[in-house]
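User: I would like to learn how to read the fold, the core and a pocket in a structure. Could you take me through them?

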Amino acid sequence: GFRYMTQNLSQAFDLALETKDPRYPALHVFCSPTRKLGSDNADCIYMQAWIDGESTYKISGTKGSARMWNIAVQGPRSAIAYGTAVSRPLHEPFGDTPEANIFGHELVTHWDGSFELYIGGERQGQNWLPTTKGSRKIFLRQYFDRWNEEAAEYRIERVGMDAPRPIPTAEQMIEAMQWAGNFVYDAVDFWPEWVWESGDQIDPEALNQFRGRNLSNEKPWSAEAEAM
């Protein structure tokens, strides 16, 4: 339990400070072999970047070959946690509502898999996602199916940036410390109860067994379902 807490403390300030200003966007990778978070899938790479609904952003790089590839614009947070009947919202930075998505088969790439994706502002280029006044982040997912699949490489920038990110103020540092503290507490407090309440991964009648899943009764995966 303490190890899980320290792993999340290690990423708390990446989220609360180093990548927090949407005027100077940066990508954050949630999980790794030494960083576990909640109910993540070991076959997925989860990433996010904070944005606002007024600016225009560009993500560029190479798409890779993951079996499932998705980039979503996320809006205001939902009051209901997906998978439970309890009105307990997912903790920050999760629980926000998907507003727009693009999947791998929809992305237009060059012959080498390279691409540019614009987010917000006026529609431009072959790949574009709209934003709203409530847009607050971009969520990026890659689900892998084989060992030889290659991960995507991303860069993000705000269109029109002409200066480096300024040094944080004392007020911003205090705010980041409060956010990070809440994040670590919630990461430890929320996920065990959510996994238990949702019943998706734990069978109370078979605690020391892997739960069998009847895939024929499950709904297809969607970014909306997982994000909520």
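This is a predicted model: local features need pLDDT of at least 70, side-chain atom pairs count only at pLDDT 80 or more; totals for chains, interfaces and linings use all residues.

User: How many helices and strands does the protein chain have, and what pattern do they follow along the sequence?

Analyst: There are three helices and nine strands in the protein chain. Read along the sequence, the order is α-β-β-β-β-β-β-β-β-β-α-α. For contacts between residues at least 6 apart in sequence, 74% join residues at least 24 apart. Of the 228 residues in the protein chain, 43% are buried.

User: Which residues have the most contacts inside the largest nonpolar core?

Analyst: A nonpolar core is a set of buried nonpolar residues joined through side-chain atoms within 4.5 Å. Here the largest has 25 residues, and Phe30, Leu37, Phe94, Phe183 and Trp191 have the most contacts inside it. Two or more residues come from each of helix 1 (2–18), strand 2 (44–50), strand 8 (137–143) and helix 2 (170–198). Helix 2 gives the most, with 10 residues. A second, separate core has 20 residues, including Leu107, Ile119, Ile138 and Leu140.

User: What does Leu37 touch?

Analyst: Leaving out residues up to four places away in sequence, Leu37 touches Tyr4, Asn8, Gln11, Phe30, Cys31, Phe94, Phe183, Ala187 and Trp191.

User: What lines the second largest pocket?

Analyst: Rolling a probe the size of a water molecule over the atoms shows where empty space is left. The second largest pocket holds about 360 Å³ of space. Its lining has 16 residues, with Asn41, Ala42, Asp43, Cys44 and Phe144 the closest to its centre. By class, eight lining residues are nonpolar, two polar and six charged. Strand 2 gives the most to this lining, with three residues.

Definitions and conventions
Residues are numbered from 1 along each chain as its sequence is written. Side-chain values use heavy atoms; hydrogens and water are left out. Buried means under 20% relative accessible area, exposed over 50%, partly exposed in between (1.4 Å probe, protein chains only). Helices (H or I, at least four residues) and strands (E, at least two) are DSSP runs, numbered from the N terminus. Contact means heavy atoms within 4.5 Å. On a 1 Å grid over the protein atoms alone, a cavity is a set of points where a 1.4 Å probe fits but cannot get out, and a pocket is an open set with protein on both sides within 12 Å along at least five of seven lines; lining residues have an atom within 4 Å of a point. Grid points are joined across faces, edges and corners, and a volume is the space filled by probe spheres set on the points. Ala, Val, Leu, Ile, Met, Phe, Trp, Tyr, Cys and Pro count as nonpolar, Asp, Glu, Lys and Arg as charged, and the others, Gly among them, as polar.
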